[in-house]
Amino acid sequence: MMAEMSEALTQPHNAIVPALANAAEWEGLAQDLAQGRRALVDLWCDGQVVRLATFDVGAGRIEIAALACPEGGFPSIGRHHAPAIRLERALRDLYGIEPDGAVDDRPWLDHGCWPVRQPLGSRRPREAAGDTYPFLPVEGEGLHQIPVGPVHAGIIEPGHFRFTCSGETVVRLEERLGYVHKGIEALMRGAALDKAAHLAGRISGDSTVAYAIAFSRAVETALGIAPPERAVWLRAVMAELERIANHLGDIGAICNDAAFSLMLAHCGVLRERVLREAGAAFGHRLMMDRVVPGGVAAELETAGQAALRRLSVAIRREFATLVGLFEETNTLQDRTVGTGTLSAELAHRFAAGGYVGRASGRDFDARKTPGYPPYDALSFAVPVFSEGNVNARVWVRIREVEQSLDLLDQILDHLPAGPLRAPVAGRVGEGFALVEGFRGDIFCWIRLDAAGHVGHCRLRDPSWFQWPLLEAVIEGNIVADFPLCNKSFNCSYSGHDL
C-alpha cells in the first residue's frame with residue numbers, strides 16, 4: 001500500500017490522500033533511515049496524524065507516510081535516527097504529540113513564555129511563565145562555559161550558543177533556537193492561497209523566491225494544474241538571481257570573519273548590483289511576491305532581459321578577479337583550510353543540503369534529483385568537494401555562482417513566450433514539492449480544503465539539518481574560529497524557528 005501511495009505522490013500534478021501506515025511500516029522506515037537507505041526529508045503533525053517524508057536513495061524519489069496517533073503518541077524516529085530529534089521536540093511543543101522512546105524530552109521551540117502549552121494541540125493554560133532549560137552536562141577537569149546570545153553584537157537574528165571549553169579549545173557547543181518562532185503553521189490554517197503565499201515568501205527573507213516556488217509547486221500539484229511554460233522559466237531566472245546574490249554576500253562575509261574586509265567590500269558591490277537589477281527587472285529587489293500559485297506576477301520585459309545579460313557578463317568578469325584574490329591570499333587560506341571540518345559520514349546521515357553537504361561529498365541538488373522544470377532542460381554541474389572545511393564551503397559557493405551565471409544565460413537564450421499565470425480554482429487536494437534554495441533543499445507539503453483554502457501547510461528549511469552539524473564541526477577548534485564556521489554554514493534562524 002505504501003509503495004502505491006508513494007508512487008502517486010511522486011507523480012507531478014496528482015492530488016491524493018495517502019493511506020495510513022501501521023506501526024510495523026513506521027518502524028521499517030525508521031530502520032531504513034538509520035541504515036542510510038533513506039534520507040530524512042521532514043517529520044510533522046497534521047492534527048492527530050504524524051507524517052514522515054523520506055527520500056528513497058535507491059529509487060531517487062520522495063515518499064510520504066502517515067501514522068494515526070489516536071492515543072497522542074507515535075514511535076520515535078529520533079531514537080533510531082538523530083536528525084529527527086529536534087523535529088520531534090518541536091512537534092511535541094506545538095501539538096503535544098509524544099514521540100514514544102524519544103532520547104531527548106527537552107522543549108525546543110517552547111521557551112516558557114507562551115500563554116498556553118501545545119498551542120496547535122490541547123492549548124493547555126500555562127500555570128506559570130518560566131524558562132529553566134537544562135543544557136547537557138559536560139564533565140572534565142578545568143572546563144569552563146562561555147554563553148553567547150541570544151542577543152548578539154551585530155544586527156542578526158537571535159540564537160543562544162553555549163560553549164564548553166578547555167582553554168581556548170571548544171569541547172562542546174550546544175545551541176538553543178526558537179527565539180523567532182512566528183507561528184507560521186497556525187497563521188496558514190484557513191488562509192486563502194494569496195495570503196498563504198505571502199506568508200511562505202517571508203519565512204526566511206533571503207530565500208523568498210525558493211520558498212515561493214516550493215509553496216506554489218505544492219499547491220499546483222494539489223490542484224492538478226500546471227503553470228505556463230514562460231512562468232516556469234521566469235521562476236528559474238529569479239531563483240538563480242537569488243542564489244547568486246546570497247552566495248556573493250556569504251563569500252564576502254566569510255572572508256570578513258577571517259579579517260579580510262576587502263573581499264567583503266567587493267562582494268558587497270557585486271551583490272548590490274544583482275539586487276538592483278533584480279529590482280529593475282521584477283519590481284522588487286528580493287523578488288518577493290513575484291512567484292505565485294499558477295505562475296508569476298511579474299513580466300520580464302525585453303529591456304530587463306538585456307540588462308540581465310549585461311549583468312551576467314559584468315559579474316563573471318569581476319568575480320573571476322575576486323576568486324583569484326581569495327585563492328592567492330595566504331592569510332585567508334590559513335584561516336579557512338582545515339577549519340570546521342564536517343565529515344562525509346555526518347553530512348550523509350543528516351542529509352545536509354546545499355553547500356554544507358556538497359562541501360563534504362554529498363552530491364545532492366533538488367534541481368536534478370528528484371528534479372523539476374525547467375532545470376531538466378538545462379545543462380549545469382553540481383560542484384562537490386570532499387574536504388568538508390570552511391574553505392570547501394567557500395569553493396562550493398564560488399562554483400555555484402559560476403554555474404548560476406551559465407544557467408541565467410541559458411534561460412534567457414531559451415525563454416519561451418506566452419502567458420504568465422494559469423487560473424487557480426479552489427478544491428480539495430494534497431501535494432508537496434522539493435525545491436533547491438541557496439542553502440539547500442526546501443520542502444513544502446500542503447492540504448487544501450473544499451474552498452481551496454489551506455487546511456494545513458508544512459514548510460521545512462534546510463537549516464533544520466544543518467544547525468546540528470555546526471555543533472559538530474566546531475568541536476576541537478578554538479573559540480575564535482566559531483564566527484568563521486558559523487558564517488560558512490549561514491543557517492537561517494527564521495526559517496528554522498517558523
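Predicted model: local features only at pLDDT ≥ 70, side-chain atom pairs only at ≥ 80, totals over all residues.
Proline 147 stands opposite arginine 162, a residue of strand β9. Residues are numbered from 1 along each chain as its sequence is written, and side-chain values use heavy atoms, with hydrogens and water left out.

Strand β9 covers residues 160-166 and pairs with β8 in the antiparallel sense over six bridges. Here two strands count as paired if DSSP finds at least two bridges between them; strands (E, at least two residues) and helices (H or I, at least four residues) are DSSP runs, numbered from the N terminus. Histidine 144 stands opposite cysteine 165 in β9, and the bridge partner of cysteine 165 in β10 is valine 170. Between β9 and β10 there are seven bridges, and these strands also run antiparallel. Their hairpin has two residues between the strands, and glycine 167 in that hairpin takes a positive phi near 70°.

Together, three strands form an open sheet in the order β8-β9-β10, with antiparallel pairing. Because β8 (143-148) and β10 (169-176) stand at the edges, each with a single partner strand, one side of each is left without a neighbour in the sheet. On average, neighbouring strands of this sheet are turned by 20° against each other, direction ignored. Axes are lines fitted to C-alpha atoms, for helices over the stretch in contact, and angles run from 0 to 180 degrees between N-to-C directions.

Helix α15 (residues 463-474) packs on this sheet and touches β9 and β10, its direction making about 165° with that of β10. Contact means heavy atoms within 4.5 Å. The helix has 12 residues and reaches 17 Å from its first C-alpha to its last, close to the 16 Å expected at 1.5 Å a residue; the expected span is 1.5 Å times one less than the number of residues. Since 11 of the 12 residues of α15 are buried, the helix is largely enclosed by the rest of the structure. Buried means under 20% relative accessible area, exposed over 50%, and partly exposed in between (1.4 Å probe, protein chains only). Among the buried residues of α15 are Trp464, Phe465 and Trp467. Just after α15, glycine 476 takes a positive phi of about 90°. Strand β9 is likewise largely enclosed by the rest of the structure, because five of its seven residues are buried.

Another hairpin is formed by β14 and β15, with five residues between them; glycine 452 in its turn has a positive phi of about 80°. Six bridges join β14 (residues 441-448) to β15 in an antiparallel arrangement, and cysteine 444 has leucine 459 in β15 as its bridge partner. Seven of the seven residues of β15 (residues 454-460) are buried, so this strand is largely enclosed by the rest of the structure.

Two individual residues complete the picture. Arginine 230 is found in helix α7 (residues 229-257) and counts as buried because its relative accessibility is 8%. Its side chain reaches the backbone oxygen of leucine 300 at 3.2 Å. Not counting residues up to four places away in sequence, arginine 230 touches several residues, including Glu299, Gln305 and Leu415. Histidine 414 lies in the loop between α14 (390-413) and β13 (429-436), and at 52% relative accessibility this histidine counts as exposed.

Note on methods
Polar contact = N/O pair within 3.5 Å; in protein donor to acceptor, adjacent residues only side chain to side chain.
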